[in-house]
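Here are some notes for a colleague who is opening this structure for the first time.

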Amino acid sequence: MSTGVGDAGTGGERPSYEDPETIQKLLVGAIGILDTFDAEQRRAAVLDFDDPARLDWDIIPRPDRTGVSLHQLDRHQKVAVLEMVRLATSYEVFTKVLAIMQLEHVLRARETDFLGFAAPLWRTSDSYFFTVFGRPGFEDTWSFRFLGHHVCLNVTVVEQRWLSTTPSALGQQPVNDPGVLDPLRDDEGLAFALLDALEPAQADAALVHAVAPADFVTRQVPRVGAVEYPDTYDLGMPQYQIGTADREALAWRRDAPGGLCAAEMTDDQRALLSDLVAVYLARCPDRLAAEYAAELEAEGPERLFFAWAGVRDRTDAHYFRITSGRLLIETVNAVDHGDHLHSVLRDLDQDFAHDLLGAAAERSAREGSHLDTRTTSSEVTGLRHVDGAW
């Protein structure tokens, strides 16, 4: 079945973004969850698909979160919402999300003097929000987001046929405390393993700047542009700042991402890089992760780049990114002297299903939508040619 996006499947060169089994489970799950909501919960949880909040994502505490929080749900509803998270990721990443949420209790204990009486209100594993954008329905387009401190999962379903699960951002704080949960150990640790495995000349090639950015170079833009520059400091954390010259040196350019090309690595080094990428692809459902992996294999090492910035150990601010023809991975650990990590997986074409939605709109304008034509008399529509029917 042609998608109009790419006919890859798990062995081809381009992701098809089709995952009927996951989409079906997400759809019936969302319908079921919404059916349990009372009127107040539904008003908080459900927004229009074109609401600007759908593209307003980050992983920091904010007073204006959209959606229904876990505080407002009973235990059965909480379990159901977390099941949606489980379906949208791998089992491994699902457990990372749960651990990240529990680290809020560690932060509450650490920050009692700073937060005062607000500590149990500010740091809690229930301050995570579930939002549905649009109408989860058969052959319809909708999305859901699970968002809170250090977790942001964006899942978009287009016409019950295509699936996008980026941007997918996870963070961790603290990072370097022995005996404390360490869910993103491999997300950062494998990058250090790769850096340590590089020869000095290779490590020098990978280093794009001696100063790390304060947060993602691509920030929280809904769609990554051809060129992106980091902000001077991360929102709400001005204790770590960079200058204009640093911003220019750290800039990401899609046609020249910088760093060390995987083609210049040895087989063992490329294997480490592949293991690191796999950790991030696990943020997607298994089928989509396999399609991304197949595309990377088809592209070859010539289009894969590993870049580093900041210090080359865990003692202070550092950053790395991985760029392929379609994917961008960014991980930054700058504030708190390398003890506060943010990471993100992005699809340069399909964050928030950007190109999938564009193709769907073109088809609808050309052919009409089944959701509309099934309720419109043929006296009006006539007999139309429909391309790409199910």
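1. Is Arg110 buried, partly exposed or exposed? In this predicted model, Arg110 has a relative accessibility of 43% and therefore counts as partly exposed. Its salt-bridge partner is Asp339, with 3.8 Å from N to O. The two residues are 229 apart in sequence, Asp339 lying in the loop between strand E14 (327-333) and strand E15 (341-347) and Arg110 in helix H4 (residues 91-110), so the pair ties these parts together. Asp339, at 13% relative accessibility, counts as buried, because the limit for buried is under 20%.

2. A second salt bridge to look at is the one between Lys78 and Asp126, whose side chains meet at 3.2 Å, N to O. This pair links distant parts of the chain, for Lys78 belongs to helix H3 (residues 75-88) while Asp126 sits in the loop between helix H6 (119-122) and strand E3 (128-134), 48 residues apart. Lys78 is partly exposed, with a relative accessibility of 23%.

3. The whole structure contains 30 salt bridges according to the search, and some of them share partners. Asp56, Asp58, Arg62, Asp64 and Arg65 are joined into one network in this way. Within it, Asp56 and Arg62 form a salt bridge in which the closest N and O atoms are 2.9 Å apart; Asp56 is partly exposed at 35% relative accessibility, and Arg62 is partly exposed at 23%.

4. Turning to the rings, the structure holds eight aromatic pairs. In one of them, Tyr128 and Phe146 have ring centres 5.9 Å apart and planes at 10 degrees, so this pair is stacked. Tyr128 is in strand E3 and Phe146 in strand E4 (residues 142-148), and the pair therefore ties together parts 18 residues apart in sequence. Tyr128 counts as buried, with 0% relative accessibility, and Phe146 is likewise buried at 0%.

5. Strands E3 and E4 are also tied together by Phe130 and Phe144, which lie 14 residues apart in sequence. Their rings form a tilted pair, with 5.8 Å from centre to centre and 45 degrees between the planes. Phe130 is buried at 1% relative accessibility, and Phe144 is buried at 1% as well.

6. Two further arrangements of rings deserve a look. Phe192, Phe306, Trp308 and Phe320 are linked by ring pairs into a cluster, and, in a contact between a charge and a ring, Arg54 lies over the face of Phe49, at 4.1 Å from the ring centre.

How values were computed: Residues are numbered from 1 along each chain as its sequence is written. This is a predicted model: local features need pLDDT of at least 70, side-chain atom pairs count only at pLDDT 80 or more; totals for chains, interfaces and linings use all residues. Side-chain values use heavy atoms; hydrogens and water are left out. A salt bridge is a side-chain nitrogen of Lys or Arg within 4 Å of a carboxyl oxygen of Asp or Glu. Buried means under 20% relative accessible area, exposed over 50%, partly exposed in between (1.4 Å probe, protein chains only). Helices (H or I, at least four residues) and strands (E, at least two) are DSSP runs, numbered from the N terminus. Rings of Phe, Tyr and Trp (its six-membered ring) pair if their centres lie within 6.5 Å; planes under 30 degrees apart count as stacked, over 60 as edge-to-face and the rest as tilted. A charge sits over a ring if NZ of Lys or CZ of Arg is within 6 Å of the ring centre and within 35 degrees of the ring normal.
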